[in-house]
Amino acid sequence: MGEFLVRRLLLAIPTLLLSMTLIFVLARIAPGDPALVILGDQATKESLDLLRAKLGLDQPLLVQYRDFLGGILTGDLGRSLVTGKSVWSELLAVLPYTIELTLAALFLGVLFGVPLGVYAAVHRNLWPDMAARLFSLAGLSFPAFVTAILLLLVFAIQLPWLPVISAPRVDDPIDRLRNLALPAFNLGLIMTAYVTRVARSSMLNVLGEDYIRTARAKGIGGSAVLWRHALRNAMIPVATVVGLYLGTMIGNSVLTEIVFNRPGLGKLLLGALGQRDYTMLQGLMVFFAGVIVLANAATDIAYGVIDPRVRYKS
Amino acid sequence: MTAGLIRRFWVNPTSLTGALVVAAVVLAAILAPWISPFDPLEQDIAARLTGPSPAHFLGTDTFGRDVLSRLMHAARISLVIGVASIAIAMAMGSAIGIAAGYIGGKFDACVTGLLDVLLSFPTLLLGLMVVAMMGPSMDNLILAIALTELAPFARVARAPTIALKDREFVEAGRALGFSDMRLVVVHIVPNLLSEVVVVASLWLATAIRTESSLSFIGLGIKPPTPTWGGMIREGFENIMDAPWLAVAPSVAILVTVLGLSLMGDGLRDALDPKGQRD
Amino acid sequence: MTDAVLEIRKLAVEFHSGGQWHAAVRGIDLSIAQNETLAVVGESGSGKSMTALSVMGLVPTPAGRIAPESSIKLHGRELVGLPEHELDRIRGNRVAMIFQEPMTALNPTMTVGAQVAESLRVHRGFNGAQASAEALKMLDLVKVPSAGKRMKDYPHQFSGGMRQRVMIAMALACHPKLLLADEPTTALDVTIQAQVLSLIEDLKTEYGLAVMFITHNLGVVALIADRVAVMYAGEIVEAALAPDLFARPRHPYTQALLASIPRVDRDLKMLEPIQGNVPTIGNLGAGCGFASRCTHAQVRCHRERPQLMPDGPARAVRCWLVGPPP
């Protein structure tokens with residue numbers, strides 16, 4: 001087991017490297033002169049040169065690359081061009097809100113998605129199954145910001161139950177919950193749609209397997225077969241797939257935060273875009289990439305814990 | 001084989017519904033310049049922010065422009081960007097996937113590593129970064145979205161290529177002196193076609209979703225050109241005073257994307273010979 | 001005959017496909033006594049597996065169903081039409097089944113010991129410790145080496161032959177009276193096959209089992225069968241004591257089967273396969289199912305379906321060319 005862990009973590013390193021390189025490349029494909037774009041064409045030559053030096057743009061590309069990677073390793077993602085504070089500290093300031101939202105969505109998604117998916121699989125091709133499939137399809141098709149706006153319209157504006165702008169007071173748990181509700185519901189809906197589809201598909205696969213027939217041949221009754229034999233095997237792909245969905249969830253949570261005006265990485269991103277804070281933008285992307293690669297590794301490891309076959313592969 | 005496929009597709013009520021919906025949207029988009037009641041850019045400040053009325057079916061926006069007309073013209077933009085980006089992604093992605101599968105070895109390993117990285121990147125964030133860096137123009141948008149869709153096509157083209165290249169008929173072809181290029185184009189590509197088409201239809205919905213999300217954030221085609229995402233943004237900014245502004249384009253997006261998804265699912269079901277798909 | 005453990009009369013199983021019901025098993029009668037091994041022989045599609053699944057009540061629904069006129073009696077108790085919870089009490093308890101592919105037939109995420117112990121917990125009400133102890137005994141009985149340690153291992157850590165032994169241990173844990181074996185050795189190497197077969201024989205004697213052994217391999221039949229029933233296209237075409245069947249096969253299909261096997265003691269000129277293919281479920285005509293491939297087929301064979309007629313003591317044949325004239 002330990003060996004498997006180490007192996008999987010080592011595998012994450014080249015992936016991380018590739019991701020960071022990709023971000024590095026993307027951050028430098030801006031046509032023209034970023035310094036000029038930031039300062040406008042009224043800027044003086046001195047200020048342009050100063051900014052370029054500050055951004056490290058006057059160095060050869062390889063040096064920039066080395067500095068970039070070196071910075072990441074030491075936790076230095078640069079300084080925001082707007083606030084001057086370190087990108088990392090800005091990140092940390094709003095991170096708790098994003099984590100709170102993501103976890104809530106994950107929780108909702110699994111809580112509702114798994115039973116829905118299993119129920120649909122057990123009642124295959126009957127109306128609960130059809131309804132679940134339609135719901136799943138809809139939830140996955142709709143852009144997160146559209147559902148967010150519609151939710152906002154209905155629940156915050158037309159029916160003033162929940163706050164329009166999500167500005168939670170940190171010390172008041174009830175208030176936090178109220179502010180979390182709609183955004184979490186929005187993301188949770190999408191997550192549920194996804195988990196339902198995966199759980200259903202996985203359960204259907206498992207129910208068709210030979211060992212289910214063997215269990216029934218032993219006289220194990222319907223619900224016992226489901227709980228003892230089917231569920232564990234069916235949940236393995238669900239765990240994997242949920243972990244791998246994190247990437248899309250980040251995108252969706254950014255959109256949700258924007259719509260609900262909620263503090264978090266999404267708003268930070270939007271601000272960086274609007275103010276051309278390239279360093280902040282780059283730093284955020286590095287952070288996202290790192291989180292995703294680690295999440296993938298964690299998912300694989302969890303997979304190994306649940307499914308003994310994976311662990312013992314030589 | 002194709003006849004059976006088409007029949008299976010039409011018989012399925014969900015894919016039929018999807019196809020009809022998409023057809024309606026496409027039709028509206030194509031005919032927009034002729035059938036839209038107003039010019040989408042024509043402002044009528046006196047009538048700004050009015051709700052749905054006989055004159056303006058879906059109301060007017062902050063500049064008094066007719067929402068319905070803008071909606072229809074926005075459909076063109078979204079569809080063009082969507083289809084163009086998918087076409088590019090399909091061509092390039094498949095080529096890369098086939099090359100990786102066919103050549104194998106280190107090249108394949110490299111490419112697969114890159115593809116994995118691309119795939120794990122959130123579509124939206126990838127597109128966002130590219131457009132943010134390159135500036136929001138129609139071309140850049142198409143390229144950015146194409147980049148986010150590249151990996152799935154490469155993946156779906158690579159696997160069958162690997163399976164096929166070791167099959168006897170390819171060996172036989174080589175023994176007959178056929179060039180690699182000919183083998184790939186004549187023998188391998190036709191076998192991939194159906195899978196690629198399914199991926200294309202499923203990802204067209206994603207392309208439109210990405211485009212509208214980028215527009216909403218402000219990275220889409222600049223106003224006054226109407227885009228669904230942009231219209232929703234405008235609606236969002238005026239959500240307290242004019243809630244209907246956000247609803248119309250929202251419904252448009254939802255309907256289109258849902259229709260495309262239904263179609264894509266239907267295609268995938270029709271392609272599966274066993275019909276055992278969930 | 002000693003009182004039959006299993007008695008099947010007029011068993012018919014149908015499947016729904018393309019809007020119609022088609023017969024997979026077309027009315028068979030058979031019985032098995034204690035300490036007796038009945039081999040059910042046939043090609044794929046002959047209905048032999050479906051027969052065993054019917055006894056277990058595991059015919060895949062909703063596509064398939066057992067025809068209501070069928071009768072399957074276990075120790076005189078009618079199984080057809082029993083509610084599911086009653087069948088659950090019988091499965092794994094009074095009747096057990098082992099399957100062809102032990103890798104897929106065992107739960108990959110459950111330890112071997114837990115899987116063997118499961119029936120004991122369900123049917124005998126054993127608690128964890130009792131069930132484990134008994135499971136250990138069973139695994140020793142089927143000769144799994146170091147059973148105590150291996151109990152905590154997972155199926156994929158065993159070889160094919162070992163997995164099949166585990167399946168047998170699992171099946172016999174509650175000491176059933178009837179064992180249905182659906183091609184248990186087909187997926188194994190020849191040497192391992194012999195070991196598993198002899199294990200089944202030993203256990204049959206030890207527990208006084210009645211065994212239905214399904215196979216398409218006549219060599220296996222020669223090794224273990226007391227009686228044989230040959231199935232073709234959903235019906236039994238010949239039934240006899242094993243030595244009789246090999247010495248004097250009466251049905252053209254049985255003869256052709258035996259002729260198609262390469263034999264060590266004969267000079268091999270050409271392999272003689274049986275011409276044609278097994279008719280598919282929807283394509284059975286009115287006459288004898290084998291008529292299209294039979295070298296002796298007469299006009300009558302194509303028109304009328306022959307009945308299973310006795311042909312001497314403990315023998316029956318379904319052929320117009322054999323048995324008393326009409």
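Chain B and chain C share no contact. Their closest C-alpha atoms lie 13 Å apart. A contact here needs C-beta atoms, placed from the backbone, within 7 Å. This is a predicted model.

Which chains, then, share the most contacts? Of the 2 pairs of chains in contact, it is chains A and B. Chain B puts 37 residues into that contact, and chain A puts in 37 residues. On the side of chain B that touches chain A, several helices of chain B give two or more residues: helix 4 (105-120), helix 5 (123-134), helix 8 (180-217), helix 9 (228-237) and helix 10 (244-271). Helix 10 of chain B gives the most, with 9 residues. By class, the side of chain B that touches chain A has 25 nonpolar residues, 8 polar residues and 4 charged residues.

Now turn to the contact between chain C and chain A. Here 26 residues come from chain C and 18 residues from chain A.

Next, look inside chain C. The contact between them takes 14 residues from domain 1 of chain C and 12 residues from domain 2 of chain C. Which helix gives the most to the side of domain 1 of chain C that touches domain 2 of chain C? Helix 8 (residues 190-207) of chain C does, with 7 residues. That side of domain 1 of chain C has 11 nonpolar and 3 polar residues. It has no charged residues.

Finally, return to chain B and follow one helix. Helix 6 of chain B runs over residues 138-165 and has 28 residues. From its first C-alpha to its last, helix 6 of chain B reaches 39 Å. That is close to the 40 Å expected at 1.5 Å a residue. Where does helix 6 of chain B bend? The bend is at B:E149, by about 40°. A proline, B:P152, follows within four residues of that point.

Technical notes. Residues are numbered from 1 along each chain as its sequence is written. Chains are lettered from A and ligands numbered from 1 in the order in which they are written. This is a predicted model: local features need pLDDT of at least 70, side-chain atom pairs count only at pLDDT 80 or more; totals for chains, interfaces and linings use all residues. The expected span of a helix is 1.5 Å times one less than its number of residues. The bend at a residue is the angle between axes fitted to the seven residues ending there and the seven starting there. Ala, Val, Leu, Ile, Met, Phe, Trp, Tyr, Cys and Pro count as nonpolar, Asp, Glu, Lys and Arg as charged, and the others, Gly among them, as polar.
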